[in-house]
Amino acid sequence: MSCSNLTTMWASSNLPNLDHLSSRSFLSPSRLLSAAPAPASSARAPPSTVVHCGLRELRDRIDSVKNTQKITEAMKLVAAAKVRRAQEAVVSGRPFSETLVEVLYNINEQLQMEDVDVPLTRVRPVRKIALVVVTGDRGLCGGFNNAIIKKAEQRIAELKLLGISFTVISVGKKGNTYFQRRPYIPVDRFLEAGNLPTTKEAQAIADDVFSLFISEEVDKVELLYTKFVSLVKSDPVIHTLLPLSPKGEICDINGVCVDAAEDELFRLTTKEGKLTVEREAVRTPTPSFSPILQFEQDPVQILDALLPLYLNSQILRALQESLASELAARMTAMSNATDNAVELKKTLSMVYNRQRQAKITGEILEIVAGADALT
Amino acid sequence: MTLNLCVLTPNRIIWDSEVKEIILSTNSGQIGVLPNHAPIATAVDIGLLRIRLNNDQWLTVALMGGFARIGNNEITILGNDAEISTDIDPQEAQQALEIAEANLSRAKGKRQAIEANLALRRARTRVEAVNVISY
């Protein structure tokens with residue numbers, strides 16, 4: 001009587017397989033393996049079948065998903081805070097690069113008549129190339145490290161085809177472990193960049209690259225790093241580091257050169273409460289140099305001192321951009337992970353509640369049937 | 001008339017205020033710069049930069065090479081790296097010097113010798129910056 005009312009009431013609600021469940025409730029309510037995916041028949045169908053086994057396990061799963069969500073959300077906030085610091089580092093490096101570019105321009109103007117031959121700008125026939133590969137230290141940043149490593153592998157394949165030998169300078173733990181597992185790729189040195197790239201790290205790489213180039217062990221040095229385009233997009237690029245062009249241009253491997261004075265700098269700001277990226281084309285005003293400026297030493301020596309400065313600042317810029325890209329990638333990845341965790345928790349909670357209710361119904365039915373049998 | 005000194009490195013501004021006098025080590029020797037110095041541009045060697053502040057105290061900065069432009073009482077020094085002597089830990093600087101010397105004696109080949117030499121000069125400058133006698 002009341003039992004059949006109950007069953008009909010339940011049968012008319014969403015889940016047809018609840019009868020299925022209630023008939024099995026005599027056996028072992030807590031060990032039910034639902035044959036059919038319970039949420040699949042509900043209005044909002046998740047894409048994958050959820051296999052769950054019992055109330056306690058479900059509860060544990062929900063707890064673990066909740067913890068994971070807390071962690072990923074915290075990581076996202078940490079990455080967001082670090083991106084701000086990376087931005088500040090770029091901004092504080094600007095006075096240096098601006099002044100340097102200005103000085104280079106002026107010196108070049110004064111030296112236009114002469115033929116300068118500075119060791120760092122000597123173009124030699126290329127027999128060996130050094131590739132500086134900048135990767136990150138930690139994972140959980142989406143496809144960031146993979147993208148740059150793939151680019152490096154592509155470049156290595158190209159060089160092999162051209163018959164040019166190469167050596168790799170790997171910066172960053174992820175790149176280090178990758179190249180260490182592949183002993184067939186000649187690696188010159190493993191370096192670590194640390195949390196915030198400073199002049200010391202840039203100097204270490206610059207020293208290495210400088211000595212390789214000057215001692216004529218390599219004839220060209222290329223820098224592979226990830227250029228920061230926007231918060232959701234970053235581009236692995238290859239820039240030619242050495243030989244430098246005396247005018248201070250930044251050259252791509254294809255020989256496309258960008259004037260250093262028109263170099264773009266990115267800036268992270270907030271617009272309407274959301275983080276956005278603004279690219280500023282820094283056009284340094286080149287004032288007319290006072291012609292009475294005397295050179296204390298030979299102009300060649302002056303250029304000799306300026307170009308390593310330029311090399312250092314280039315490497316530091318690359319490290320900073322790489323770091324910013326890594327942080328942005330981590331922010332995106334953790335944000336996606338948090339969203340997925342929220343959705344998964346919702347799905348699991350629904351399944352958990354349905355199972356709980358089914359169990360209660362089963363017990364009620366048992367009791368009612370038992371009471372019925374007695375009367 | 002005071003000099004306006006600006007010491008810049010690729011990642012931050014080390015110094016940006018007025019001073020009375022500076023002593024700079026260039027590739028062709030040490031030069032002292034007083035107010036109203038003639039405008040010159042010079043390459044700076046790895047060495048000490050000594051600054052005389054407005055209160056007549058001397059401050060030492062370990063400068064790792066670069067470029068200096070002096071003109072119109074404005075001095076701009078672009079350095080690869082610069083550390084004010086008060087920021088250097090004497091123990092650590094001494095250890096770095098010893099490591100650099102050991103590396104130099106172990107260096108084989110032109111390339112390692114170049115690197116080891118540079119590292120040694122830098123370490124030596126840092127130790128000198130800490131040990132300088134100020135007067």
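According to an unreviewed UniProt entry, residues 3-82 of chain B carry the annotation "domain: ATP synthase F1 complex delta/epsilon subunit N-terminal". Keep in mind that what you are looking at is a predicted model. In this model, residues 3-82 of chain B come out as 72% strand and 0% helix, with the end C-alpha atoms 19 Å apart. The unreviewed entry also has an annotation for residues 87-130 of chain B, "domain: ATP synthase epsilon subunit C-terminal". Here the picture is 89% helix and 0% strand, and the end C-alpha atoms of the span sit 9 Å apart.

Now for the partner. Take the contacts in chain A with a separation of 6 or more: 70% of them link residues 24 or more positions apart. The accessible surface of chain A is about 19,100 Å², with 56% belonging to carbon and sulfur atoms.

**Where the chains meet**

Together they bury about 3,000 Å², and carbon and sulfur atoms give 60% of that. On the chain A side, Phe96(A), Thr199(A) and Glu296(A) supply 18% of the area that chain A buries against chain B, more than any other three residues.

As for polar links, the interface of chain A and chain B has four salt bridges and five residue pairs in polar contact, both residues being at pLDDT 80 or more.

**Following the charges**

Side chains of opposite charge can pair when their charged atoms come close. Over all chains, the structure holds 21 salt bridges. Here are three of them, with the N to O distance for each.

| Salt bridge | Closest N and O atoms |
|---|---|
| Glu21(B) and Arg52(B) | 2.8 Å |
| Asp45(B) and Arg121(B) | 2.8 Å |

Glu21(B) forms its salt bridge with Arg52(B). Since Glu21(B) belongs to strand S3 (residues 21-26) and Arg52(B) to strand S5 (residues 40-52) of chain B, the pair ties together parts that are 31 residues apart in sequence. Glu21(B) is buried at 15% relative accessible area, whereas Arg52(B) is partly exposed at 22%.

Strand S5 of chain B turns up again with Asp45(B), whose salt bridge partner is Arg121(B). Arg121(B) lies in helix H2 of chain B, so this pair ties together parts that are 76 residues apart in sequence. Asp45(B) is partly exposed, with a relative accessible area of 25%, and Arg121(B) is partly exposed too, at 34%.

Finally, there is a network of salt bridges to trace: it links Lys200(A) with Asp81(B), Glu83(B), Glu92(B) and Arg126(B).

Notes
Residues are numbered from 1 along each chain as its sequence is written. Chains are lettered from A and ligands numbered from 1 in the order in which they are written. Side-chain values use heavy atoms; hydrogens and water are left out. A salt bridge is a side-chain nitrogen of Lys or Arg within 4 Å of a carboxyl oxygen of Asp or Glu. Helices (H or I, at least four residues) and strands (E, at least two) are DSSP runs, numbered from the N terminus. Buried means under 20% relative accessible area, exposed over 50%, partly exposed in between (1.4 Å probe, protein chains only). UniProt positions are given in the numbering used here, feature names are shortened, and annotations may be inferred rather than shown by experiment. Contact means heavy atoms within 4.5 Å. Accessible areas come from the Shrake-Rupley method with a 1.4 Å probe; for residues, only the protein chains shown count as cover. Buried area is the accessible area (1.4 Å probe) that two parts lose on being put together, summed over both. A polar contact is a pair of N or O atoms within 3.5 Å; within protein, one must be able to donate a hydrogen and the other to accept it, and residues adjacent in sequence count only if both atoms are side-chain atoms.
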